Amino acid sequence: MRLAITAGRRGRVRFVVQDDGPGIPADQRERVFNRFHRTDLARDRASGGAGLGLAIVRAIADAHGGVVTAGESPEGGASIELELPGFTPAPAREPAAGVRG
């Protein structure tokens, strides 16, 4: 699995997660963002999946004015791309008196 964080278009931050697993079939790439959706019937709660992870990612993207998409990784697995509006870091502050770093 790989994670890349880069500058996106128009001052956005782009996160890309890619793996070499079974991937997401093209006809299900939008449906994986629905709550409780699983692409593989063998993945159930007992084997580690409630079908909420990508639905939560979509909710976060929507709440922050971003977008998230699913595609195919160069390794053949899944690729999830999340773009969020960029941010300007706050200037560094001196630690409060008596606080050690």
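What percentage of the 101 residues of the chain count as buried? In this predicted model, the share that counts as buried is 27%.

**Figure 1. Overview of the predicted chain and its secondary structure.** Among contacts between residues at least 6 apart in sequence, 45% join residues at least 24 apart.

Figure 2. Among the elements, the highest mean pLDDT belongs to β3, at 96, and the lowest to β1, at 91. Where pLDDT is low, the predicted coordinates should not be read in detail.

**Figure 3. The open sheet formed by the four strands.** The strands are arranged in the order β1-β2-β4-β3, and their pairing is antiparallel. At the edges stand β1 (2-7) and β3 (67-72), each of which pairs on one side only. From one strand to the next, the twist averages 15°.

**Figure 4. The pairing of strands β2 and β4.** Strand β2 covers residues 12-18 and strand β4 covers residues 78-85. Seven bridges join these two strands in the antiparallel sense. The view includes V13, whose bridge partner in β4 is L84.

**Figure 5. Helix α1 against the sheet, with R58.** Helix α1, residues 53-63, lies across β3 and β4 and runs at about 140° to β3. R58 lies in this helix. R58 counts as buried because its relative accessible area is 19%, and the cut-off for burial is under 20%. The side chain of R58 makes a polar contact with the side chain of E30, at 2.8 Å. Leaving aside neighbours within four places in sequence, R58 is in contact with E30, F33 and V68.

**Figure 6. The largest nonpolar core.** This core has 10 residues in all: I24, V32, F33, A61, V68, A70, A78, I80, L82 and L84. The elements that give two or more residues to the core are β3 and β4. Strand β4 provides the largest share, four residues. I80, one of the core residues, is in contact with F15, V16, V17, I24, L54, V68, T69 and A70, leaving aside neighbours within four places in sequence.

**Figure 7. Q28 in the loop between β2 and α1.** Is Q28 buried or exposed? Q28 is buried, since its relative accessible area is 14% and burial means a value under 20%. A polar contact of 2.8 Å links the side chain of Q28 to the side chain of H37. Beyond neighbours within four places in sequence, Q28 is in contact with H37, R38 and T39.

**Figure 8. The backbone at F36.** F36 is placed in the loop between β2 and α1. Its phi is near 65°, a positive value in a residue other than glycine. Most residues other than glycine have a negative phi. F36 is partly exposed, with a relative accessible area of 49%.

Technical notes:
Residues numbered from 1 in each chain as written. Predicted model: local features only at pLDDT ≥ 70, side-chain atom pairs only at ≥ 80, totals over all residues. Heavy atoms only, no water. Pairing = 2+ DSSP bridges. Axes fitted to C-alpha atoms, helices over the stretch in contact; angles between N-to-C directions. Contact = heavy atoms within 4.5 Å. Buried < 20%, exposed > 50% of the residue type's maximum accessible area, 1.4 Å probe, protein only. Polar contact = N/O pair within 3.5 Å; in protein donor to acceptor, adjacent residues only side chain to side chain. Core = buried A, V, L, I, M, F, W, Y, C linked by side-chain atoms within 4.5 Å. pLDDT = per-residue confidence, 0-100.
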